[in-house]
Amino acid sequence: IQNINLFPNPTMDVATLDMTFSKIVDVQVQVLNIMGQVLFETSIGKIMEEKVELNLENYPDGMYFVRVKVDSQTVVKKLMKNHP
């Protein structure tokens, strides 16, 4: 995993997960709530870079976790959702 950015954070509805890898990989992306329940999951194959839109529009304000799995590596980013 070379670079992972998650923005905007905090978000009101939609956040973008921007990923760059040092080689071609298969990626699994999950969005989890604070209780560890998987709310969204997608697998993307054979990429070196990718942008994924994460839509939290139908979920309540609060803390979420974005889990990115590549080969044996896992990165977890915190994502806050709140409306002003």
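**Close-up 1. Phe-7 faces Thr-16 across the β1–β2 pairing.** In this predicted model, Phe-7 sits opposite Thr-16 of strand β2. The two strands, β1 and β2 (residues 14-33), run antiparallel to one another and are linked by five bridges. Together β1 and β2 make a hairpin, with six residues between them.

**Close-up 2. The two faces of strand β1.** Side chains in a regular strand alternate between the two faces of the sheet. For β1 (residues 3-7), Ile-4 and Leu-6 belong to the covered face. The uncovered face holds Asn-3, Asn-5 and Phe-7.

**Close-up 3. The largest nonpolar core.** This core has 20 residues, and those touching the most other members are Leu-17, Met-19, Val-27, Leu-54 and Val-66. Strand β2 gives the largest share, with eight residues. Nonpolar side chains do tend to be buried together in soluble globular proteins.

**Close-up 4. What surrounds Leu-54.** Leaving aside residues up to four places away in sequence, Leu-54 touches Leu-6, Asp-13, Val-14, Ala-15, Leu-17, Val-29, Val-31, Phe-40 and Val-66. Of these neighbours, Leu-17 and Val-66 are also among the core members that touch the most others.

**Close-up 5. Tyr-59 and Tyr-64, an aromatic pair.** Searching the whole structure turns up one aromatic pair. Its partners are Tyr-59 and Tyr-64, with ring centres 6.4 Å apart and planes at 55°, so the pair goes down as tilted. Tyr-59, at 28% relative accessibility, counts as partly exposed.

Technical notes
Residues are numbered from 1 along each chain as its sequence is written. This is a predicted model: local features need pLDDT of at least 70, side-chain atom pairs count only at pLDDT 80 or more; totals for chains, interfaces and linings use all residues. Side-chain values use heavy atoms; hydrogens and water are left out. Rings of Phe, Tyr and Trp (its six-membered ring) pair if their centres lie within 6.5 Å; planes under 30 degrees apart count as stacked, over 60 as edge-to-face and the rest as tilted. Buried means under 20% relative accessible area, exposed over 50%, partly exposed in between (1.4 Å probe, protein chains only). Helices (H or I, at least four residues) and strands (E, at least two) are DSSP runs, numbered from the N terminus. Two strands pair if DSSP finds at least two bridges between them. A nonpolar core is a set of buried Ala, Val, Leu, Ile, Met, Phe, Trp, Tyr and Cys residues joined through side-chain atoms within 4.5 Å. Contact means heavy atoms within 4.5 Å.
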